[in-house]
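Subject: Structure handover

Hello,

Here is the structure we talked about. Please open it first, then read the notes below with it on your screen.

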Amino acid sequence: MLLRIFMIALGSLFILEVIYLAFVSHYNIGWFITICLGIFLIVYGIFFTSINNLMSHGLLLWLRYFVYGCLIFFCGVVAFLAIYGHNDNVTYNEDAVIVLGAGLRGAQVSDALARRLEAAYDYWQENPDAVIVTTGGQGPKELRSEGEAEAEYLIALGVPEGKIVVEDRSTSTRENFLFARELLAEEFTEPYKVAYVTNAFHIYRAGKIAAETDLAAAHYHGGLAWYMAPVSYAREFAAVVSYWLTHIL
């Protein structure tokens, strides 16, 4: 009985989260995955005994095991991303810090992006000689480039304008790194040390992309609002699995 109540409550929270995010952020595949997971948990919780009895033999039993396997795989990948993302490896003697872009709400940074910027500021306090590269172009429904909004946010926190380099053309994580490299080539001579800042769920895949752009970068994670975690990790799960399928297999 407690398991059924837990499943129904968790599924309801997932659906309520997506309803809330519909008013404050842009749609992404994480919404779809979270809603599907929420519906699955609610339906399974309500009809727990009936479903288990129905799927207790033959092909339906194997289908049940397959679903369990998928859920275990999903939870395993999410746990890996969370653990990996929370283990920073910066040395605080990097020459530059690249803040990876995220969405704006009109002209203002989103909560996820604000947390990346606050992490970059925390890092900069430990290493004030570092240059901070803010990245991101102007996306749909955004009133200015992400890089410009990020720079303004950092200046308000107390970072001198002269320590900020704005990259305002990129539209993806890959371009964040590529265009940031172009700007850093004007600031430093090789070799120089770089770190990147993003939210914990994004650290792993961002590191793979950085390596593909010939950047050997350390990483430092920003926080994430608790209510954003299910959708954010669900979206990243899909992105990481897609990355593995296209780059490893």
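The lining of the second largest pocket has 14 nonpolar residues, no polar ones and no charged ones. (Ala, Val, Leu, Ile, Met, Phe, Trp, Tyr, Cys and Pro count as nonpolar; Asp, Glu, Lys and Arg as charged; the others, Gly among them, as polar.) The model is predicted: local features need pLDDT of at least 70 and side-chain atom pairs pLDDT 80 or more, while totals for chains, interfaces and linings use all residues. Residues are numbered from 1 along each chain as its sequence is written, and side-chain values use heavy atoms, with hydrogens and water left out.

Back to that pocket. A pocket here is an open set of points on a 1 Å grid over the protein atoms alone, where a 1.4 Å probe fits, with protein on both sides within 12 Å along at least five of seven lines; lining residues have an atom within 4 Å of a point. Leu10, Leu37, Leu41, Leu71 and Cys75 lie nearest its centre. Helices H1, H2 (29–46) and H4 (58–85) each give at least two lining residues. H4 gives the largest share, 5 residues. (Helices are DSSP runs of H or I with at least four residues, strands runs of E with at least two, numbered from the N terminus.)

Now the largest pocket. Its volume is about 1,000 Å³. It is lined by 39 residues, and the closest to its centre are His26, Gly101, Ala102, Gly103 and Arg235. Its lining divides into 13 nonpolar, 18 polar and 8 charged residues.

Next, the cores. A nonpolar core is a set of buried Ala, Val, Leu, Ile, Met, Phe, Trp, Tyr and Cys residues joined through side-chain atoms within 4.5 Å. Buried means under 20% relative accessible area, with a 1.4 Å probe and protein chains only. The largest core has 25 residues, and Val109, Leu154 and Val159 have the most contacts inside it. Helix H5 supplies the largest share, 8 residues. A second, separate core has 19 residues, including Phe14, Tyr204, Tyr233 and Val240. In soluble globular proteins, nonpolar side chains tend to be buried together.

Which residues does Val109 touch, beyond those up to four places away in sequence? They are Gly103, Leu104, Ala114, Leu117, Ala149, Glu150 and Tyr153. Contact means heavy atoms within 4.5 Å.

H9 has 19 residues and reaches 26 Å from its first C-alpha to its last, close to the 27 Å expected at 1.5 Å a residue. (The expected span is 1.5 Å times one less than the number of residues.) Its buried residues include Tyr233, Phe237 and Val240. Among the elements that cover the buried residues of H9 are H1, H2, H4 and H8. The buried residues of H8 (203–212) pack against H4, H7, S6, S7 and H9. Just after H8, Asp214 takes a positive phi of about 65°.

Last, two single residues. Leaving aside neighbours within four places in sequence, Gly30 contacts Val231, Ala234 and Arg235. Asn52 sits in helix H3 (48–54). Asn52 counts as buried because its relative accessibility is 14%.

Best wishes

How values were computed. Grid points are joined across faces, edges and corners, and a volume is the space filled by probe spheres set on the points. Buried means under 20% relative accessible area, exposed over 50%, partly exposed in between (1.4 Å probe, protein chains only).
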